[in-house]
Each structure stands twice: as C-alpha cells, then as structure tokens.
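I opened the model to look up its charged pairs and one of its helices. My notes follow.

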Amino acid sequence: MSQGRALKELARGETIDLNWSVTSKEREQILRAVRIPIYKGLIGWRVFFIVNDSQKRFAAISNIAQLQDLLAVQRFDWPDHRILMANQLRVEGDFSYEQMYKSLSEGLVDYFPRSVLEINREKEQLKYDNLKIEQTLLIKYPSATYFFVNKEKKALAKTIEEGFKKAIADGSYHALFDRYFTQELAKLSLDKRKVIELNNPYFPITVLNQ
C-alpha cells in the first residue's frame, strides 16, 4: 500500500489505526499527529548522490543560487519535491524510484537528494558503479516524521505520546536511535559540510520535541 493510500485509509478510520509519515499542514488537518519527531527532525537533512566525476563541481558550490543552476531528481508525489520547488530549485519528478538512479547515472539529472538517515544503506544497494555520495554539501529544511492516527482517536494518540515521552526520559529511545543511526551519520562527516538552508512553507508551526 502506498503512503498516500495508507494515509487516506487512516483518515477514514476503517482499516488502519496507526501510520507514520513526514508531516505537512495538509496532513495535520485531516489526521491527528503525535508531535514528537521519530527521527529527531533529521529527515529534513539531505545529502546527494552524484556521478563520480562531478565532485569538483559540487565542491565549488556554497549557496542556493549556485545549486539552482543544477537539476535534481525527486518524485513528484514525494513531500520533498515541492519543498525543493518552493526554493526555486530545478527538479525532475517524472521517474520511478529505480529510474531516478538510472537518470542520474546516465547524466539526465545532476544530483539525487537523500536523507542522511538512509543514504548509506542505499549506497550499499546501488547498481550503478559511477554513482557516489557527494562529500561537501548538506541541505537542511524543517521537517519531521510523526506517528499519525485518525482525528477521532484521541486516546490512542495520548497513549503513543506518553509512551514515547517515557522512552525519551529513560534513555531507551536515544539508545535505539544510536544503535541504528549514529555510526551511519558519522560516516557522512556532517559537521564538516557546507550547509544550505531551505525554507519549508508546508511545515506546520510546531515545536519539535527531541
């Protein structure tokens, strides 16, 4: 079941009780969000897949205006697509997931932004030898993945929130996060990268509790 379909089913309240997704103003209007970011807000931190011989080109970039000269790939129905578009970045969105890698490998696009939480795992599964992780840039925009329930399921939302807060308080959530992500994040040397901040006009104005 696609993410969009799952969220529609959740809004109907008939077959699904719980889902998790990147939040948006629209999604929080039709669903009840448990506003604790599952991935500590890092879902809005992006680094790129690029072709091997373009690293020098990307290393020369230091601001969004320079990035706007290049063409990204990001599916049209992903939340990130319209965020990039809102920042006047050029985006090709008419490819399937596998075709996005192929389009980059064949030079049809210049870069493929991926979350810092997933890019190392995806690199291990790459079928294209001429692709690599770009080494110098990091784009950031406000984003969060929340648990969502049906609007009417207030008690369920409260139970999830209380359980999440207990896990944060006793350290078990942070231990679990560290187990799966800390070493992978360290491989990306995020503190040494040039940061390009993007706006996210679709992000609800909420406090990210981490």
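I counted a salt bridge wherever a side-chain nitrogen of Lys or Arg lies within 4 Å of a carboxyl oxygen of Asp or Glu. The model is predicted, so I took local features only at pLDDT of at least 70 and side-chain atom pairs only at pLDDT 80 or more, while totals for chains, interfaces and linings use all residues. Residues are numbered from 1 along each chain as its sequence is written, and side-chain values use heavy atoms, with hydrogens and water left out.

Salt bridges. I searched the whole structure and found 13. Arg75 pairs with Asp77, closest N and O atoms 2.8 Å apart. Asp80 pairs with Arg46 at 3.2 Å between the closest N and O atoms. This pair links distant parts of the chain, 34 residues apart: Asp80 is in helix α5 (residues 79-86) and Arg46 in strand β3 (residues 45-51). I took helices (H or I, at least four residues) and strands (E, at least two) as DSSP runs, numbered from the N terminus. Both Asp80 and Arg46 are buried. My cut-offs were buried under 20% relative accessible area, exposed over 50%, partly exposed in between (1.4 Å probe, protein chains only). Arg46 and Asp80 also belong to a salt-bridge network with Arg114, Glu118 and Glu122.

Glu184 and Lys187 meet in a salt bridge at 3.1 Å, N to O. Glu184 is partly exposed at 24%, and Lys187 is exposed at 52%.

Helix α8. Gly171, which follows α8, has a positive phi near 90°.
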